[in-house]
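Let's walk through this model together, one region at a time.

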Amino acid sequence: MPASHHSPSPSPPPSKRQKTDTESTPSLRPRVNFRDAVTLAPMVRSGTLPSRLLALKYGADLVWHPETVDKAIIGCERVVNESTGVISYTRGGRALFTMHPIERNHLIFQLGSADPELAVKAALTVLPDVAGIDLNCGCPKSFSVHSGMGAALLTNPDLLCGILTALREALPSDVPVTAKIRLLPTQDDTLKLVKRIVETGVSALTVHCRTRNMRPREPALIHRLREVVEFVEGLGVGVTVLENGDCSGRPDAKRVRDTTGAHGVMIARAAESNLSCFSTDPIVDATSVLALEYLRLAKYLDNAWGNSKFCVSQFSSPSPASAPGGKSYLKHFRSLLTSAKEYDVFENEFEGGLAGGEGIMDEIRNVMEARNASGGAENDGSIPAIKPEEDAVAGEGSARVALVDGIIAATNEHARTATPASATGEFELGAPTVNPIAPDFRGETHDKSGDLPLIIRSFEQNQAETPGFRSR
Ligand SMILES: Cc1cc2nc3c(=O)[nH]c(=O)nc-3n(C[C@H](O)[C@H](O)[C@H](O)COP(=O)(O)O)c2cc1C
């Protein structure tokens with residue numbers, strides 16, 4: 001068993017808000033980019049650590065941790081596995097939340113809560129190890145709704161928004177708070193709820209395009225989303241809307257976005273079947289190729305065998321018989337999977353063995369490092385760039401922004417004359433500027449040559465410091 005390092009989780013916050021260290025010092029957190037993102041949905045059981053890491057490897061921009069109830073996480077002990085780097089939040093020997101630092105800047109932790117104070121305590125508990133906090137407002141299962149959580153919040157907007165507001169106020173401003181809802185039966189009620197949620201200061205809103213009573217096999221009502229997206233855009237606060245429901249992968253994201261106008265998508269069951277669906281060129285044969293990769297990684301990470309077995313058994317391929325080794329290989333693989341009670345038993349019987357997890361981890365690390373260096377969400381052409389050259393409202397002059405290779409680039413008249421640069425390049429911004437595509441964007445980015453600094457300030461900074469600033 002690898003060596004572990006234990007530390008008590010942060011002590012519960014005082015009920016009155018105090019400034020945290022993170023707020024008084026400059027932020028070291030990279031911005032979480034929800035725009036154009038193709039994301040892994042929160043999935044209890046299926047969204048465990050190996051699934052999230054493979055989703056990231058194959059191109060997911062962000063990954064959601066499955067719903068965790070506030071009370072369960074509060075007071076957990078934070079345990080670091082020194083040899084793998086895996087961090088677990090445990091109680092009584094049971095891990096409630098397990099993550100790896102390489103996913104931290106892409107990991108959104110979903111809370112189940114019906115209590116603002118508990119939600120804040122739970123969020124602060126996991127804060128060092130997550131990029132953002134999401135509130136589950138859509139789970140229709142009785143364990144969730146009977147205690148006022150999940151979909152029960154849809155009909156209790158005061159509580160729903162109370163939790164979001166408390167989270168927004170308590171967390172450092174560079175930690176996004178988001179919500180995941182379902183459609184309400186009528187469009188009017190949906191828009192009313194969306195307005196209230198958006199006003200709490202969330203950075204992103206995921207809309208699962210089914211109503212609370214709809215079953216998963218019923219087609220998602222994605223045609224209803226366009227009006228919601230346009231409504232949110234009309235509010236001019238820059239909240240990102242993610243579509244959820246029936247997207248089959250990155251190649252399908254364009255259809256979903258064209259139909260709905262959504263700024264990004266979230267995928268659940270298609271990813272459960274094939275974690276490489278986030279790639280532009282997914283692995284066709286998930287049932288053998290991906291399954292083996294999964295088990296090797298999972299063994300290295302010490303993921304519970306029962307969970308790994310479950311996740312792999314969810315994989316499906318359009319034509320499994322054409323897998324390398326054909327039908328007989330698959331039959332053998334599956335019967336071993338069913339009968340084995342632990343990794344070692346499977347490994348002893350399986351010719352290829354389960355070594356190599358560390359190498360897979362290295363590959364994922366390299367993918368993440370390359371992605372972080374290139375500035376976040378990739379725009380590989382399967383996702384249409386958001387309306388290029390959209391007008392922005394600036395404190396001084398007007399700016400124009402466009403999405404270039406996933407990096408928000410901006411120009412303004414002032415810079416255009418001062419800087420000899422091509423029409424599609426990025427320019428130094430002389431004036432404080434708010435970016436309507438990502439109003440919470442802050443920090444510096446660079447043009448492709450790396451010479452011209454581009455500074456886009458946050459919405460809050462502009463509001464506070466720019467005379468005449470107005471939002472659209
Ligand atoms: C196995 C499983 C577990 C799920 N767990 C959660 C969860 O923890 N939190 C949540 O908000 N939704 C959960 N969902 C719902 C999904 O996130 C998603 O909203 C739903 O499956 C629709 O997306 P899809 O059509 O892409 O599958 C779960 C779905 C599945 C299949």
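Predicted model: local features only at pLDDT ≥ 70, side-chain atom pairs only at ≥ 80, totals over all residues.

**A walk from the ligand outwards**

The shell around the ligand is made up of 12 nonpolar, seven polar and six charged residues. Which residues come nearest to the ligand? Among the 25 residues around the ligand, these are Ala 41, Met 43, Glu 67, Ala 268 and Arg 269. Two elements, β3 (62-69) and α10 (269-273), each give two or more residues to this shell. The biggest share comes from α10, which gives three residues.

Now step back to take in the whole chain. You will find 17 helices and 17 strands. Of its 472 residues, 46% count as buried. If you take the contacts with a separation of 6 or more, 67% of them link residues 24 or more positions apart.

Next, look for the barrel. Eight strands form a closed barrel with parallel pairing, in the order β2-β3-β7-β8-β9-β10-β11-β12. On average, neighbouring strands of this sheet are turned by 30° against each other, direction ignored.

For a close look at one pairing, pick strand β9 (residues 177-183) and strand β10 (residues 204-211), which run in the parallel sense and are joined over six bridges. Which residue of β10 is the bridge partner of Lys 180? That partner is Thr 206.

Is Ile 108 buried or exposed? Ile 108 counts as buried because 24 C-beta neighbours lie inside 10 Å. Along the chain, Ile 108 and Val 63 are 45 residues apart, yet 6.2 Å separates their C-alpha atoms. Setting aside neighbours within four places in sequence, Ile 108 is in contact with Leu 62, Trp 64 and His 65, with Val 130, Ala 131, Gly 132 and Asp 134, and with Thr 178.

After α2 comes Gly 59, with a positive phi near 120°.

A helix pair is worth a look too. Helix α7 (residues 187-198) packs against helix α8 (residues 225-235) at an angle of about 35°, and their axes are 10 Å apart. Their crossing is right-handed. On the α7 side the contact is made by Gln 187, Thr 190, Leu 191, Val 194, Lys 195 and Val 198, and on the α8 side by Glu 227, Val 228, Phe 231, Val 232 and Leu 235. By type, the residues of this contact are seven nonpolar, two polar and two charged.

We finish with a loop residue. Ser 316 sits in the loop between α12 (305-314) and α13 (326-339). Ser 316 is exposed, because 12 other C-beta atoms lie within 10 Å. Beyond its neighbours within four places in sequence, Ser 316 is in contact with Ser 273, Ala 286 and Thr 287. Ser 316 and Leu 290 are 26 residues apart in sequence, with a C-alpha to C-alpha distance of 9.9 Å.

Definitions and conventions:
Residues numbered from 1 in each chain as written. Near = placed C-beta within 6 Å. Helix = DSSP H or I, 4+ residues; strand = E, 2+ residues; numbered from the N terminus. Nonpolar A, V, L, I, M, F, W, Y, C, P; charged D, E, K, R; others polar. Axes fitted to C-alpha atoms, helices over the stretch in contact; angles between N-to-C directions. Left-handed = near helix turned anticlockwise from the far one by under 90°. Contact = placed C-beta atoms within 7 Å. Buried ≥ 20, exposed ≤ 12 C-beta atoms within 10 Å, placed from the backbone. Pairing = 2+ DSSP bridges.
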